[in-house]
Amino acid sequence: MNEQAPLAVGTALRAVVQCVARTAALLARRRIHTPTEHVGLRLSFAAGTSSWVCRETVVDRPATTDPCVLVVEFRLRAVRGWGHTAFRRLSLLNTPLFVGFPGFVSKLWLAHDDNGVYRGLYEWDMPELAEAYARALWRVLALVSARGTIHYKVLPGLRRDALIREPTLAGLTGPVAGSDWWRLVNVG
């Protein structure tokens with residue numbers, strides 16, 4: 001788990017195309033929603049950064065049987081100032097690139113932090129499906145992200161909302177390591 005490498009280009013492209021087709025079906029059945037319950041929450045991470053939830057996306061689906069949390073981070077190439085506002089608004093158009101992936105449950109979209117890093121905090125059904133998504137997403141993100149800034153972490157056995165209520169559920173409460181960029185430490 002957490003190989004931290006993209007899928008082969010052809011494999012990733014096929015996965016994204018299949019995702020877009022499934023997203024169209026979900027949209028036609030009105031199974032994709034954008035609740036506002038978490039919008040505005042500020043999430044702080046072990047690396048000393050924080051950002052706020054600017055959007056939430058959920059899909060109506062059967063009950064999750066093997067939940068996990070997926071945290072993804074990236075920094076856009078050459079986006080500064082008002083470009084972040086434009087990106088947040090336009091990012092809604094990216095929804096077809098993830099919501100139709102097998103196992104998707106929900107996503108909290110986090111605005112950029114003080115270092116220009118964006119994060120997504122997802123709930124997924126089945127850690128291996130979250131891993132496959134993250135590795136396919138890598139190919140899409142690589143088109144617009146600064147080299148070396150794409151990372152992900154899969155946290156098996158956790159539900160997103162439980163982690164938000166109690167960040168210590170990730171099991172790490174000791175000293176912060178440089179690789180703990182994903183570790184949620186506070187929600188406010």
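## Basis

The model is predicted, so local features need pLDDT of at least 70 and side-chain atom pairs count only at pLDDT 80 or more, while totals for chains, interfaces and linings use all residues. Residues are numbered from 1 along each chain as its sequence is written, and side-chain values use heavy atoms, with hydrogens and water left out.

## Secondary structure and contacts

The protein has 4 helices and 8 strands; these are DSSP runs (helices H or I, at least four residues; strands E, at least two), numbered from the N terminus. Their order along the sequence is α-β-β-β-β-α-β-β-α-β-α-β.

A contact means heavy atoms within 4.5 Å. Of the contacts between residues at least 6 apart in sequence, 74% join residues at least 24 apart.

## Surface and burial

The protein has 188 residues, and 47% of them count as buried. Buried means under 20% relative accessible area, exposed over 50%, and partly exposed in between (1.4 Å probe, protein chains only).

## Positive phi values

Arg 30 lies in the loop between helix H1 (9–28) and strand S1 (32–33). Its phi is near 55°, a positive value in a residue other than glycine. Arg 30 is exposed, at 69% relative accessible area.

Met 126 sits in the loop between strand S6 (117–125) and helix H3 (127–141). Phi of Met 126 is near 85°, also positive in a residue other than glycine. With a relative accessibility of 33%, Met 126 is partly exposed.
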